[in-house]
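Subject: Model handover

Hello,

Here is the model we talked about, with notes on what turned up in it. Please keep it open while you read.

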Amino acid sequence: MKADQLYFHYPKSGRVLFDHISFSLQHERVNVLAGPNGIGKTTLFDCICGILKPQQGQLEFPPARDIMYLTQNIYFSPEMRGRDFAKLLRSLSGQRSSQDPLDYVDRDNTYDRELITRLWDLKIGRMSVGERKQLFVKMLIQSDRSLYLFDEPTSGVDPSSRFHILRTIQALAASGKTVLMTTHQLHELQELDSHFILLNHGKVQYEGDFQTWLNQYPTQDPDQAFDLAVR
């Protein structure tokens, strides 16, 4: 899966977001897209899904029906319960729903069993941000797709939730699925087997191994390295 010489600008603003960018996604690694705020990361996801159409270039990705896209801000009624969300996702994927919460997770995973049992009858509006995002990620990956897009899946969550969300995403990639996520939390990439893509000023400034990118700078602090990179 790749983008080749992708060019995109919003017609009314005239601002060029992607100036003939090219990149490829890797299998069995977590592909990570990073860049300054407003650089176009979410817009790129929308182009990959076919929501937006670039003016030039080629996108070699699966059709929208074979992509699972977890947007940064996903809304469901606060009155909906965990079980309702789980059953809805199963239904939309053409799978049979179950009344047993353990049918939605790995029964051998103690943490996942405890999580789904706790959230099953809880209203979404009463879940913490971390609980809600964990539920969304774990239920969305129940649907078999070729490509999974996660737009800042760890934003606003506590360290424990972040750990478990990233573990789930890493396991998904290791199972052979293609995964692409965005993040501003670069420290978390030090614990991931990731393929790093850095967007800046409309270009792909770097593509490759995250640690190799970090080693280019006189610091092992990813935030300081990022600041040096995007100046």
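A salt bridge here is a side-chain nitrogen of Lys or Arg within 4 Å of a carboxyl oxygen of Asp or Glu. This is a predicted model, in which local features need pLDDT of at least 70 and side-chain atom pairs count only at pLDDT 80 or more, while totals for chains, interfaces and linings use all residues. Residues are numbered from 1 along each chain as its sequence is written, and side-chain values use heavy atoms, with hydrogens and water left out.

Salt bridges

The whole structure holds 13 salt bridges. In one of them, Asp 121 pairs with Arg 83, and their closest N and O atoms are 2.3 Å apart. This pair links distant parts of the chain, 38 residues apart: Asp 121 sits in the loop between helix 3 and helix 4, and Arg 83 in helix 2. Helices (H or I, at least four residues) and strands (E, at least two) are DSSP runs, numbered from the N terminus. For exposure, buried means under 20% relative accessible area, exposed means over 50%, and partly exposed is in between (1.4 Å probe, protein chains only). Asp 121 counts as partly exposed because its relative accessibility is 45%. Arg 83 is also partly exposed, at 25%.

Lys 138 and Asp 112 form another salt bridge, with 2.9 Å between the closest N and O atoms. Lys 138 belongs to helix 4 and Asp 112 to helix 3, so the pair ties together parts that are 26 residues apart in sequence. Both Lys 138 and Asp 112 are buried.

Arg 231 forms a salt bridge with Asp 227, the closest N and O atoms being 2.8 Å apart. Arg 231 is exposed, at 69% relative accessible area, whereas Asp 227 is partly exposed, at 37%. Salt bridges also link Arg 29, Asp 193 and Asp 209 in a network.

Helix 2

Helix 2 covers residues 82–92, and its buried residues are Gly 82, Phe 85, Ala 86, Lys 87, Leu 89 and Arg 90. Helix 3 (110–119) and helix 4 (129–140) are among the elements that cover these buried residues, where contact means heavy atoms within 4.5 Å. Just after helix 2, Gly 94 has a positive phi of about 75°.

Strands of a sheet pair through backbone hydrogen bonds, either parallel or antiparallel. Two strands are taken as paired if DSSP finds at least two bridges between them. Six strands make an open sheet in the order 5-6-7-3-8-9, with mixed pairing. Strand 5 (67–70) and strand 9 (203–209) are at the edges with a single partner strand each, so one side of each has no neighbour in the sheet. From one strand to the next, the twist averages 15°. Angles run from 0 to 180 degrees between N-to-C directions, and axes are lines fitted to C-alpha atoms, for helices over the stretch in contact.

Strand 8 (residues 194–200) and strand 9 run antiparallel and are joined by six bridges. His 195 has Asp 209 in strand 9 as its bridge partner. Helix 5 (residues 159–174) packs on this sheet and touches strand 3 (30–34), strand 6 (147–151) and strand 7 (178–182), its direction making about 150° with that of strand 7. Helix 7 (residues 222–230) packs on the sheet too, touching strand 8 and strand 9, at about 40° to the direction of strand 8.

Tyr 69 has Leu 149 in strand 6 as its bridge partner. Both faces of strand 5 are covered: Ile 67 and Tyr 69 on one side, and Met 68 and Leu 70 on the other, are all buried.

Three strands form an open antiparallel sheet in the order 2-1-4. Strand 2 (16–24) and strand 4 (56–60) are the edges, each with a single partner strand, so one side of each is left without a neighbour in the sheet. Neighbouring strands are turned by 25° against each other on average, direction ignored. Strand 1 (residues 2–9) pairs with strand 2 in the antiparallel sense over six bridges, and Lys 2 stands opposite Ser 24 in strand 2. Helix 1 (residues 41–49) packs on this sheet, touching strand 1, strand 2 and strand 4, and its direction makes about 65° with that of strand 2.

Regards
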